[in-house]
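The tour goes from the whole fold to single residues.

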Amino acid sequence: MHTLDPSADDLLNTDALTERRIVTTVPGPKSQELDVRRRAVVPVGVASSLPFYLARAHGAIVEDVDGNRFIDLGSGIGVTTIGHTDAAVVAAASAQLQELTHGMFTITGYEGYVRVAELLAKHTPGDFAKKTVLLNSGAEAVENAVKIARKHTGRSGVAVLEHAYHGRTNLTMAMTFKAMPYKAGFGPFAGSIHHAPGSYPFHDGLSGTDAAARTIAYLEKSVGAADLACLVVEPIQGEGGFVVPADGYLPALQEWCNANGIVFIADEIQSGMARTGRYFASEHFGLIPDVVLSAKGIAGGLPLAAVTGRAEIMDSSHPGGLGGTFAGNPVAAAAAIAVFDSIESRDLLAEGARIEAMLKPALVELQSRYPIIGDVRGIGAMLAIELVDPSSHAPLAAAVSAVTAAAAQNGVLLLSAGTYGNVIRFLPSLAITDAQLLDAVTVIDVALAAL
Ligand SMILES: *Cc1c(COP(=O)(O)O)cnc(C)c1O
């Protein structure tokens, strides 16, 4: 086990985690044993999509308790963006553990919180004064952004898009689109949430201008701009299926929000923090959101979330209106600072472009041989394929399940996505090597061939 002052190698114990290696059937005997224990004490509502139990991980490789090693194309849903057990993150968090593990920022401040806020002010889009409140989870960030937008505008309405995912708390369940598994039976939900049609070029065929006109007309008719506090959008939808909106769609929404005093909130919880080759995906679309939400990748695997926005919006809450016991924890903040430092010092923004340049053509090549791949889309290290019936475009969720299951048997960890469960999303860590990526594609190729 770990000592407190080991060499980096002892602490990480990761020397061998470079390739996939399957040594048992998946799940192996130890995973099966853990699963029996789990079923006795963990509710079925907390389901795991893959059947093996993790022991350790480094970079883009995870190892299960039976010694099987998987190329991780999910990164814990886009969390270990700079890599599992990244050495800089481990060092910063370990050092912080010796100094201060809890400060309760609403009682006494500490530098790490302030530093993360400074870094977010610097790296989120827009050249104006910004302020940040730190939280523990993405859903909590969404909740706080809505709170702040309502306080700022004095309005109650919250607009979200079809296929959106914003979390599992009561307010964010209402904002999330998909009923099963996220909402079914868990109501009643928070009110004043309005789901509007979005832009999904592969299915709706609309230009960005036409899709935006449809969204805006829908909201103006069904709510009225004057009753909307905010519009919350994922620049690239995550759980909804890595939907990249048509050109011009998001800028038109932003313009409409700006013209009508509606706070434009970019939920970058999945798409942000260098995932797409920019700090925030908003940059690809020329957006300057009033408020940007961060979580998942921000602290290299430790829990941290943030709401960053225009100072005058963020300052609309009275003192004491925002905060939380663990929010902005010093260890998580230290890890986040290491993530920002690593993005700069190791030029990690370039890695998103490298991964896209390697993986997207490989997926397009698969598409040329497997007509059920209806669409290949995404930006940077946030890519997806959508599996459909080639003639009707009907979703093929069972094919996605079969491919992810077969890939797991062969050492590749894949995640599904999409309102219809028919999308395979690729969220590799920026540390994944070209060789690991190409090896994973050969496994996916075999899995597709077996359908
Ligand atoms: C994951 C996610 C959330 C919720 O974050 P949690 O940390 O799971 O609460 C919200 N929005 C988006 C876009 C997400 O991907």
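The radius of gyration is taken over C-alpha atoms, and the globule rule is 2.2 Å times the number of residues to the power 0.38. This is a predicted model. With 451 residues, the rule puts a compact globule near 22 Å; the protein has 22 Å, so the two agree.

**Whole chain.** Show the C-alpha trace. Along its principal axes it spans about 60 × 60 × 45 Å. Switch to cartoon: the protein has 15 helices and 15 strands. Of its 451 residues, 54% count as buried.

**The second largest pocket.** Select Tyr113, Thr132, Val133, Met314 and Leu322. Of the 17 residues that line this pocket, these lie nearest its centre. The volume is about 360 Å³. Which strand gives the most to the lining? Strand β4, residues 130-135, with 3 residues. Colour the lining by class: 7 residues are nonpolar, 8 polar and 2 charged.

**Aromatic rings.** The structure holds 6 aromatic pairs. Take Phe105 and Tyr110: their ring centres are 5.4 Å apart and their planes stand at 85°, so the pair is edge-to-face. The cut-off for that label is over 60 degrees. Are these two buried or partly exposed? Phe105 is partly exposed, at 28% relative accessible area. Tyr110 counts as buried, at 11%.

**Charges over a ring.** Select Phe128, Lys130 and Arg310. Lys130 lies over the face of Phe128, 5.5 Å from the ring centre. Arg310 also lies over the face of Phe128, at 4.0 Å from the ring centre.

**Backbone exceptions.** Most residues other than glycine have a negative phi, and most peptide bonds are trans. The next stops depart from that.

- Select Val26 and Pro27. A cis peptide bond joins them, with omega about 0°. Pro27 sits in the loop between α1 (8-12) and α2 (29-41).
- Go to Met180 and Pro181. Their peptide bond is cis too, with omega near 10°. Pro181 is in the loop between α7 (170-175) and β6 (193-196).
- Pick His163. Its phi is positive, near 70°. His163 lies in the loop between β5 (157-161) and α7. At 11% relative accessible area, His163 is buried.
- End at Phe242. Here phi is about 55°, again positive in a residue that is not a glycine. The loop is the one between β7 (228-233) and α10 (249-259). Phe242 is buried, with a relative accessible area of 0%.

Definitions and conventions: Residues numbered from 1 in each chain as written. Predicted model: local features only at pLDDT ≥ 70, side-chain atom pairs only at ≥ 80, totals over all residues. Heavy atoms only, no water. 1 Å grid on protein atoms, 1.4 Å probe; cavity = no way out; pocket = protein on both sides within 12 Å on 5 of 7 lines; lining within 4 Å. Points joined across faces, edges and corners; volume = space filled by probe spheres on them. Helix = DSSP H or I, 4+ residues; strand = E, 2+ residues; numbered from the N terminus. Nonpolar A, V, L, I, M, F, W, Y, C, P; charged D, E, K, R; others polar. Phe/Tyr/Trp six-rings, centres within 6.5 Å; stacked < 30°, edge-to-face > 60°. Buried < 20%, exposed > 50% of the residue type's maximum accessible area, 1.4 Å probe, protein only. Lys NZ or Arg CZ within 6 Å of the ring centre and 35° of its normal.
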